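Please keep the view open while you read the points below.

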Amino acid sequence: RGHIAPQALAEQVASLASTVRDRVAIVTGSSSGVGAATVRLLAARGCHVVVNFSRSKAPAEEVARQCEGHGVKVLLCQADVGSDEGCAKLVKETVDKFGRIDLLVNNAGTTKFVSHENLEGLTSEDFHRIYGINAVGAFNMIKLCAPHMRKGGGGRVVNVSSVAGAYHTVGSSVAYLMSKAALNALTAAMGKALGPEIVVNAVCPGFIAGEWLREGMGPEVYDYVKGNLEKKLPMRTVSQPENVASAIVMLLEASSTHITGQCIPCDAGLGLMRG
C-alpha cells in the first residue's frame, strides 16, 4: 500500500517527459545566462521557443541557432519587457507566428550593484528602472499571456526570482532585493488568482556563475566570493545557469504536482547556512 505500480509509474514518467513537447514557450531575457540555458533545454525537449533580447542581438541569434538545431520552431524577438510596448510586441509576435502561448518564463532582470549600507548610492530612478523590469514587466507579461493560455486550455508561468527576494539581507542592492520580494509576492498572488488553468511558481537562485555577476561584482570580489562559497555551501559548488534552467523546466513539466504560488530556492544550499 502506498506504492505506485511499475506500469503506472512508467506512464507517469513518460507523460512528464512529453509535457512541453510541441508547446510554445516565451523566455524573456534569453540571449545569455539562465534565459539562454532555459530555451536550449526546452528546445532539446521538443518545445518551440521564443528567444527574447533587448540589446544583445548577436548572442541571441546564436542561441536561436542552437535551439533550431533541435528541430523546433524558434522566434527571435527584440523587445524591452521593462516597457508596456515591449511586452505587447513580444506577445503579439509570438501569437502571430505560433498562434498560441503555453509557457512563460519571466527571466529578464536588471540591477545596480550598490552595498546595502550605501543609502546614497540609489536614486528613485534606479528603483523605477529595476522594478520596471523585475516586477512590473513580469506582471505585464503574465497579464498579456494569460488569455492565450486559457484559450489553449491552460498554461504555466515560472518567475526567475532570487534568494535576495526571499532572505531580504543578501543581493546586489536594496532596490534589487525589494524588486525580487515583489516578484515573489506576485507569484503567490497570481498562483491564487489564475488557478486552476494557469499554474504560477518561481525559482530563487543564489550565486550563479557567469559574466553578468563577474562584471557587476568585479573580478577580484567575484572570485573571492565564489571560492568561499564553494568551500562552505552544502553542494560544495555554486550554481551554473544550467542548474537553474533545470529547476525552471522541472516546474514547467510537472503537470500533476499541485505546486502553485511557490517560490522554490535553487541555491546550492545557501539558505541552509543562515542558521
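Which residues does Asp126 touch, not counting residues up to four places away in sequence?

1. **Before you start.** This is a predicted model, in which local features need pLDDT of at least 70, side-chain atom pairs count only at pLDDT 80 or more, and totals for chains, interfaces and linings use all residues. Residues are numbered from 1 along each chain as its sequence is written, and side-chain values use heavy atoms, with hydrogens and water left out.

2. **The surroundings of Asp126.** Leaving aside residues up to four places away in sequence, Asp126 touches Lys112 and Gly121 (contact means heavy atoms within 4.5 Å). Asp126 is found in helix α5; helices (H or I, at least four residues) and strands (E, at least two) are DSSP runs, numbered from the N terminus. Asp126 counts as buried because its relative accessibility is 10%, where buried means under 20% relative accessible area, exposed over 50%, and partly exposed in between (1.4 Å probe, protein chains only). The Asp126 side chain also reaches the backbone nitrogen of Thr123 at 2.9 Å.

3. **Asp126 and Lys112 as a charged pair.** Side chains of opposite charge can pair when their charged atoms come close. Asp126 and Lys112 form a salt bridge, with their closest N and O atoms 3.0 Å apart (the rule asks for a side-chain nitrogen of Lys or Arg within 4 Å of a carboxyl oxygen of Asp or Glu). Asp126 lies in helix α5 (residues 124-151) and Lys112 in the loop between β4 (103-106) and α5, so the pair ties together parts 14 residues apart in sequence.

4. In one of them, the side chains of Arg40 and Glu242 meet at 3.9 Å, N to O. This pair links distant parts of the chain, with Arg40 in helix α2 (residues 33-44) and Glu242 in helix α10 (residues 241-253), 202 residues apart. Arg40 is partly exposed at 28% relative accessibility, and Glu242 is partly exposed at 43%. Arg45 forms a salt bridge with Glu253, and here the closest N and O atoms are 2.3 Å apart. That pair also links distant parts of the chain: Arg45 sits in the loop between α2 and β2 (48-53), Glu253 in helix α10, and 208 residues separate them. Arg45 is partly exposed at 28%, whereas Glu253 is buried, with a relative accessible area of 7%.

5. **Strand β1 and its partners.** Which way do the side chains of strand β1 (residues 24-27) point? Val24 and Ile26 point one way, Ala25 and Val27 the other way, and all are buried. Four bridges join β1 to β2, and these strands run parallel (two strands pair if DSSP finds at least two bridges between them). Val27 has Val51 as its bridge partner in β2. Between β1 and β2 the chain passes through α2, and this β-α-β crossover is right-handed: with the strands pointing away from the viewer, the path from the first strand over the helix to the second runs clockwise. Strand β1 also runs parallel to β4, joined by three bridges, and Ala25 stands opposite Leu103 in β4.

Key. Polar contact = N/O pair within 3.5 Å; in protein donor to acceptor, adjacent residues only side chain to side chain.
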